[in-house]
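Let's take a friendly look at how strands line up into sheets. Keep the picture open beside you as you read.

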Amino acid sequence: MAASMAASGLAAAADAQAGATVHRELPYVFRARDRAPPRQQTLDLFLPTSSAADKPPLIAFVHGGFWRESDDGYGIGRALAQALVPHGVAIALIRYPLAPAHRFPAQAEDVARAFAYLHRVADQHGFDPKRMYLMGHSAGAHLASLVALDGRYLRDAGAPAHALSGVIAVSGIYDLGDTGPIAPRAREILTPVFGDDGRARLDASPITHARGGPPILVLSAEKDFEGFSIDARRFAARLRAGGNRAAQEIVMQGLDHFTVLASMRARDSVARDFVLAFVGASALAPVRAEYLRARSRWQEPPFTTEPFWSKPELVRAYPVDDRFMAGFGLIYDEGSRYELASYPLRTFHAIELSRFLAAQPRARIGSGDHLVVTNVRGEKVYWRLNEIEPFQPVIVVGLDDERNLFRLSAFYHNKRAYSWTEEKTGLSARSIGAFVYFLKPPPPRLRPSTTALFSFTVDSFRLLERDPLAAISDLPQDVHEVMVFRNACVSCHGFRGIGARAGHTRARDGKLQGGFALPLESYPPAVWRQFMFENHKSAAAIGVRPNPVAGPAAGKLYDIVVNARERKTRP
């Protein structure tokens with residue numbers, strides 16, 4: 001009976017827009033909620049007029065407005081339909097009873113009823129009942145996520161098990177408790193909707209139910225309202241910890257709470273492409289698909305800083321300041337720094353280097369006053385303990401609520417492995433990992449200006465009795481400074497049988513790939529000359545930051561390496 005009533009209503013309400021057939025104000029319940037205006041229990045359905053697929057996927061969109069405002073005046077949902085319907089996606093815009101006249105859970109119950117109704121009429125309208133998704137923005141993302149994760153709602157609404165294929169949550173609110181993004185405005189925003197009961201708010205929080213569930217794509221914006229991107233990251237992390245390995249969280253660069261959706265109408269929209277790929281309407285471009293796979297892989301990274309926490313009594317908290325954050329520029333450049341928007345950046349957690357070393361078995365790290373620390377890329381840092389101790393070195397092992405700092409990773413493509421070959425490398429990962437930080441600013445000679453200071457694990461640290469750089473102790477002072485800290489040549493390269501062989505961490509599995517730093521004596525003569533005197537050209541050919549040697553040291557180092565090469569090649 002209900003289905004036949006719906007069909008007659010649909011026929012009467014249908015109209016056409018460019019590229020779509022639109023059915024307006026379809027009632028998804030046939031007994032209106034007490035005092036709910038009937039229009040608040042309707043939806044608009046946008047169907048593609050032509051599609052490569054016989055049955056397009058459906059996205060049921062839930063609007064925001066802090067559970068109290070309708071989207072009819074803002075038109076955010078209509079704009080979304082205009083962005084997605086031309087790409088072969090059916091869109092339903094769900095209305096729901098608004099607070100404060102209707103207290104929670106009225107909103108979630110009616111979102112579930114609307115979804116169940118759409119599943120019943122899928123065949124009548126030709127969209128695929130096996131590819132039905134909920135999508136929400138702001139408070140709508142809260143409702144969509146809650147309905148997906150708290151099984152009571154869809155079950156009570158009569159939706160079949162597994163009817164929901166996934167959720168797209170955009171700039172949402174997932175924690176209504178004291179740590180959530182709108183906790184400071186709880187009395188103003190939350191009380192009129194959810195009341196004053198803290199336990200009830202927690203039960204209404206999607207993060208409370210973050211276990212299992214369908215695949216969830218969590219989109220936030222670099223310039224979102226304060227705390228929203230942080231809430232999104234925590235929600236996605238809780239989902240993965242609860243067994244939902246398909247949960248993916250992405251910060252959208254340069255966008256805010258509203259443009260994250262409005263951008264989907266642009267000719268080239270990253271957010272739209274992610275949504276279309278998520279619902280199976282189109283494939284991502286190879287570069288974006290590779291990035292998305294890398295993001296997913298490094299949410300459960302191949303390396304971890306968790307073992308540093310095995311003795312929590314050694315870990316102390318410190319406030320984040322500008323000097324602390326300045327070092328992050330070596331990992332997150334201007335093109336990737338936006339990803340840090342999902343962290344509060346208020347507190348870091350660290351272990352005093354001396355206490356960490358003292359707690360390690362000698363059989364594991366050795367003994368002596370010379371410390372060599374090797375990161376996962378094979379880069380090395382060299383210190384004398386008695387030289388660095390006055391500057392209070394600590395090993396940073398956590399940031400805010402994150403205890404595995406390898407999750408803080410940026411991804412990059414080099415143009416080629418070497419400046420003089422056409423050999424390519426795949427997408428690489430550059431991670432924060434554990435790193436050494438000095439609570440008191442050290443002199444430059446103790447802090448190489450390279451990524452060698454980052455990406456440490458508990459196995460990175462070795463103590464030696466003898467100076468590992470003894471082979472270059474005879475170099476002129478300015479050349480020695482270039483080798484050790486100004487340009488940190490031996491942090492990546494070898495020379496005279498000492499140094500490193502650094503590479504690039506492959507994004508898909510964390511293994512080292514091509515483009516290894518070679519011993520300085522082994523570079524072809526023309527390559528070595530260009531590297532020393534036209535460094536910008538070498539860097540541009542590979543696609544990396546220039547690292548020029550300044551002043552007279554350049555000529556001196558050039559000659560020293562040339563002489564070393566000639567000695568090695570003499571019969």
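This is a predicted model: local features need pLDDT of at least 70, side-chain atom pairs count only at pLDDT 80 or more; totals for chains, interfaces and linings use all residues.

## Two open sheets

Strand β14 (residues 393-399) is joined to β17 by four bridges, and the two run antiparallel. Here, strands are DSSP runs (E, at least two residues) numbered from the N terminus, and two of them pair if DSSP finds at least two bridges between them.

Residues are numbered from 1 along each chain as its sequence is written, and side-chain values use heavy atoms, with hydrogens and water left out.

Now step back to the whole sheet around β14: four strands lie in the order β10-β11-β14-β17, forming an open sheet with antiparallel pairing. At its edges are β10 (315-319) and β17 (435-438), each pairing on one side only. Neighbouring strands here are turned by 50° against each other on average, direction ignored; the axes are lines fitted to C-alpha atoms, and angles run from 0 to 180 degrees between N-to-C directions.

Another open sheet has three strands in the order β13-β12-β18, again with antiparallel pairing. Both β13 (380-384) and β18 (461-464) stand at the edges with a single partner strand, so one side of each has no neighbour in the sheet. The twist averages 20° from one strand to the next.

| Strand pair | Bridges | A bridge partner pair |
|---|---|---|
| β12 and β13 | five bridges | L371 and W383 |
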